[in-house]
Amino acid sequence: MATRSEEIEPQLDQAQDEINEQVADSVNGTTAAKKKNKKKKKASNGVSEPATETKEVEEQEDGDSEEEQNDAEGQNGSTEGAKKKKKKKKSKKKSGNPANGQSEPPKIPVAKLFQNGIYPEGEFQDYKEDNLWRTTSEEKRALERMNFDDYNTVRKASEVHRQVRKYIKKVAKPGMSMIEICETIENGTRALIEENGLEAGIGFPTGCSLNHVAAHYTPNAGDQTVLQYDDVCKIDFGTHINGRIMDCAFTLTFNPVYDNLLAAVKEATNTGIKEAGIDVRLCDIGAAIQEVMESYEVEIGGKTYQVKSIRNLNGHSIMPYQIHAGKSVPIVNNGDQTKMEEGEYFAIETFGSTGKGVVREDGECSHYCKKFDAGHVPLRLPKAKQLLNTINKHFGTLPFCRRYLDRVGESKYYMALKNLCDAGVVDAYPPLVDIKGSFTAQYEHTIHLGPTRKEVLTRGDDY
């Protein structure tokens, strides 16, 4: 019987092993289910499982990498911002915005500020009454389009004037010498207009007449005159391209006591511009100017003065290389029946005074101009012939002053210059003065009587 018992024991052992495996599987399955249910319960309550050390390290590394990424993005952002700023600066320069693009003192040519070659228009004003039809006339509009290049040229010269005067208004102060003021204006004009012989440059000498001196004063070499707080200074300077002169002036003061004097002259000038137009009689413009000018009073030193139009000073027509082209625009009613015509250029300027309202020549002469229609005149003095050649080369029939002769290298020329004046080749323009102790003011603009409208070419934000 012993042999049969050995066969049964291995079978029992095998059965026991199978039972143990089933029990173990059952236990493991229950534990896994419990863990799964526990996770679901916590997730449903919005509670996350505690992070393990490994998970914390991974999150910390992720956070560090995110901070590094943010820093990198910040650096890239700042770099991109800098690029954008650079682009903005370039775009401003390309657009030619003179307010932001011009240097101080002004040295950048306006051609570089307006790279498209199109310059700002002046102020347009419609004609009155019988000439209103011009505004909508197709024929007149076509004529304006044909002449655009000419208009654009004078607008360039006007833009130079605006930018230069903006700077001198900012820097001119009591204590500056008159020579310093004039040279600042002239150097700015030469740079901005890109002076080129007789093709482009200064239109006439810079006037800086003081107080009772109304016009035609600019300092000669050695003049030590200094601008004072109580001075009334008329800044009158011109620009030109191809002989088209932009003649424009304003009055500079520091003491507010003169405000009414300046207001009278400014309004009178604007009245003259408003009244000007094709077929308008010159005397009618003068009457309108006088009415406005003499409606003002100014109190100076406890005494009240009526502002008077200086009746022997006038505006004038302008032609290429001819500052005074024949027609005079009065600032009083002088009865002149001459009419303005289409296409003409005029300097509308008015002068107000607390004195007699009449000027006379007095003082050392600084302004000169070769006569526009001067023919051949025999000259005996060799120095006079040589000086005339210099004038023809550098100025032609544009006005000049002694400082300009000094600048081009002339010396010891006074007798030769006097000889040219005596011979009738050159005209001298001494300072024009009212009575001493009086004060005079001036405002001036150049206008063009276009086919459809008139354009105040030198108009700016200042006046």
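Contact is defined as heavy atoms within 4.5 Å. Helices (H or I, at least four residues) and strands (E, at least two) are DSSP runs, numbered from the N terminus. The model is predicted: local features need pLDDT of at least 70, side-chain atom pairs count only at pLDDT 80 or more, and totals for chains, interfaces and linings use all residues. Residues are numbered from 1 along each chain as its sequence is written, and side-chain values use heavy atoms, with hydrogens and water left out.

In helix 8, Ala-264, Val-265, Glu-267, Ala-268, Thr-271, Gly-272 and Glu-275 meet Ile-285, Ala-288, Ile-289, Val-292 and Met-293 of helix 9. The residues of this contact divide into 8 nonpolar, 2 polar and 2 charged. Here Ala, Val, Leu, Ile, Met, Phe, Trp, Tyr, Cys and Pro count as nonpolar, Asp, Glu, Lys and Arg as charged, and the others, Gly among them, as polar. Axes are lines fitted to C-alpha atoms, for helices over the stretch in contact, and angles run from 0 to 180 degrees between N-to-C directions. Angles under 35 degrees count as roughly parallel, over 145 as roughly antiparallel, 65 to 115 as roughly perpendicular and the rest as oblique.

Helix 6 contributes Ala-157, Val-160, Gln-163, Val-164, Tyr-167 and Ile-168 to the contact, and helix 7 contributes residues including Ile-181, Thr-184 and Ile-185. By class, there are 9 nonpolar, 4 polar and no charged residues.

Helix 10 (residues 382-394) and helix 12 (residues 414-422) have axes that come within 9 Å and cross at roughly 80 degrees. The two are therefore roughly perpendicular. Lys-383, Ala-384, Leu-387, Leu-388 and Ile-391 of helix 10 meet Ala-416, Leu-417, Asn-419 and Leu-420 of helix 12. This contact has 7 nonpolar, 1 polar and 1 charged residues.

Points are joined across faces, edges and corners, and a volume is the space filled by probe spheres set on them. The largest pocket holds about 660 Å³. Of its 38 lining residues, His-216, His-316, Ile-323, His-324 and Tyr-429 are the closest to its centre. Strand 2 supplies the largest share of the lining, 4 residues. The pocket lining divides into 15 nonpolar, 14 polar and 9 charged residues.

The whole structure has 1 cavity of 30 Å³ or more. Helix 7 (178-193), strand 2 and strand 4 each supply at least two residues of its lining.

Two backbone features stand in loops. The peptide bond from Glu-104 to Pro-105 is cis, with omega near -5 degrees. Pro-105 is found between helix 3 (98-101) and helix 4 (110-113). Asn-242 is not a glycine, yet has a positive phi of about 55 degrees. Asn-242 lies between strand 4 and strand 5 (244-252).

Note on methods. On a 1 Å grid over the protein atoms alone, a cavity is a set of points where a 1.4 Å probe fits but cannot get out, and a pocket is an open set with protein on both sides within 12 Å along at least five of seven lines; lining residues have an atom within 4 Å of a point.
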